[in-house]
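The sequence and the model are shown first, and the description follows.

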Amino acid sequence: MKSLSIPTGLAILCLFQLCLSSCGEDDLKKAAPLSKKDLVLNRDRTIEVEITYSDSSKVKGIGKAPIMDKITPTSGATYQEMPKGVKINFMNDSLKVKGSITSDYAISKDTEKIVIFKRNVVVVDEQLTFNTEELTWDQNKRMFYSPQGVITKPDGTVINAVNFSAKQDFSVFNFEQGFGETYVDKNFGE
């Protein structure tokens with residue numbers, strides 16, 4: 001019978017030691033259990049997506065995303081995720097761009113009818129530019145909401161806004177605890 005070499009014997013000894021020191025009963029109890037709600041039933045990926053949003057047979061916006069994942073978890077609450085960001089152009093009745101929203105990430109929740117834009121969110125409109133890290137669009141209320149952000153107006157006014165809300169077309173917007181810098185015409189008060 002041949003004798004095993006020293007390196008082979010050490011390797012077998014190490015493997016034996018490794019087997020003896022594997023997971024114990026306590027380690028298995030500490031492991032996080034899988035939740036059924038975390039399981040994904042289906043995930044469909046689409047590359048270079050263009051979505052047209054219309055209301056009353058009129059095109060209101062055109063959105064583009066490099067990647068869109070349609071996710072159907074076992075709970076059945078389908079949603080779309082845009083992990084590489086999205087850009088949406090708002091259109092006027094002549095189909096000319098009148099404003100836009102861009103973000104590095106977005107998620108559209110079908111059952112709740114909301115879209116959440118996250119990371120480097122920029123809204124550009126004729127009357128303002130709004131920068132924030134999170135902006136939510138509620139389709140049912142036709143409103144945008146953000147916990148905080150910076151409003152820049154065409155005249156150079158800069159406002160730090162808390163609890164920002166705006167109509168869907170940004171024609172009216174509100175915020176709380178605003179502070180910032182504004183420019184006053186030199187003939188103001190005359």
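## Aromatic pairs

Two rings of Phe, Tyr or Trp (for Trp the six-membered ring) are taken to pair if their centres lie within 6.5 Å, and a pair counts as stacked with planes under 30 degrees apart, as edge-to-face with planes over 60 degrees apart, and as tilted for the rest. By this rule the count comes to 7 aromatic pairs. In one of them, Tyr53 with Trp137, the ring centres are 5.4 Å apart and the planes stand at 90°, so the pair is edge-to-face. This pair links distant parts of the chain, with Tyr53 in strand S1 and Trp137 in strand S8, 84 residues apart. Tyr53 is partly exposed at 30% relative accessibility, whereas Trp137 is buried at 10%; here buried means under 20% relative accessible area, exposed means over 50%, and partly exposed lies in between, computed with a 1.4 Å probe on protein chains only.

Phe144 and Phe170 form a stacked pair, with 4.9 Å from centre to centre and 25° between the planes. Because Phe144 lies in strand S9 and Phe170 in the loop between S10 and strand S11 (173-181), the pair ties together parts that are 26 residues apart in sequence. Phe144 counts as buried at 2% relative accessibility, and Phe170 counts as buried at 1%. Ring pairs also link a cluster made up of Tyr53, Phe130, Trp137, Phe144, Phe164, Phe170, Phe173 and Phe175.

## Basis of the model and overall fold

The model is predicted, so local features are given only where pLDDT is at least 70 and side-chain atom pairs count only at pLDDT 80 or more, while totals for chains, interfaces and linings use all residues. Residues are numbered from 1 along each chain as its sequence is written, and side-chain values use heavy atoms, with hydrogens and water left out.

The chain holds 2 helices and 11 strands, where helices (H or I, at least four residues) and strands (E, at least two) are DSSP runs numbered from the N terminus. From the N terminus on, the order of the elements is α-α-β-β-β-β-β-β-β-β-β-β-β. Of the 190 residues of the chain, 29% count as buried. Among contacts (heavy atoms within 4.5 Å) between residues at least 6 apart in sequence, 33% join residues at least 24 apart.

## Nonpolar core

A nonpolar core is a set of buried Ala, Val, Leu, Ile, Met, Phe, Trp, Tyr and Cys residues joined through side-chain atoms within 4.5 Å. The largest such core has 25 residues, of which Ile101, Phe117, Leu135, Phe144 and Ile151 touch the most other members. At least two residues of this core come from each of S2, S4, S7, strand S8 (129-138), strand S9 (143-152) and strand S10 (158-167).

With neighbours within four places in sequence left aside, the contacts of Phe144 include Phe90, Ile101, Phe117, Leu135, Trp137, Phe164 and Phe170. Thr136, in strand S8, is buried at 17% relative accessibility, and beyond four places in sequence Thr136 touches Ile114, Val115, Ile116, Met143, Phe144 and Tyr145.

## Largest pocket

On a 1 Å grid over the protein atoms alone, a pocket is an open set of points where a 1.4 Å probe fits, with protein on both sides within 12 Å along at least five of seven lines, and lining residues have an atom within 4 Å of a point. The largest pocket has a volume of about 780 Å³, a volume being the space filled by probe spheres set on the grid points, which are joined across faces, edges and corners.

Its lining has 38 residues, with Tyr53, Ile88, Phe90, Trp137 and Gln139 nearest the centre of the pocket. The strands that each supply at least two lining residues include S1 (40-55), S2 (58-73) and S7 (114-124), and the largest share, 7 residues, comes from S2. The lining divides into 18 nonpolar, 8 polar and 12 charged residues, where Ala, Val, Leu, Ile, Met, Phe, Trp, Tyr, Cys and Pro count as nonpolar, Asp, Glu, Lys and Arg as charged, and the others, Gly among them, as polar.

## Individual residues

Gly85 is placed in the loop between S3 and S4 and counts as buried at 3% relative accessibility. Apart from neighbours within four places in sequence, Gly85 is in contact with Ala65, Pro66, Ser103, Asp104 and Tyr105.

Glu48, in strand S1, has a positive phi near 55° although the residue is not a glycine, and Glu48 is exposed at 63% relative accessible area. Ser57, in the loop between S1 and S2, likewise has a positive phi, of about 65°, and is exposed at 78%.
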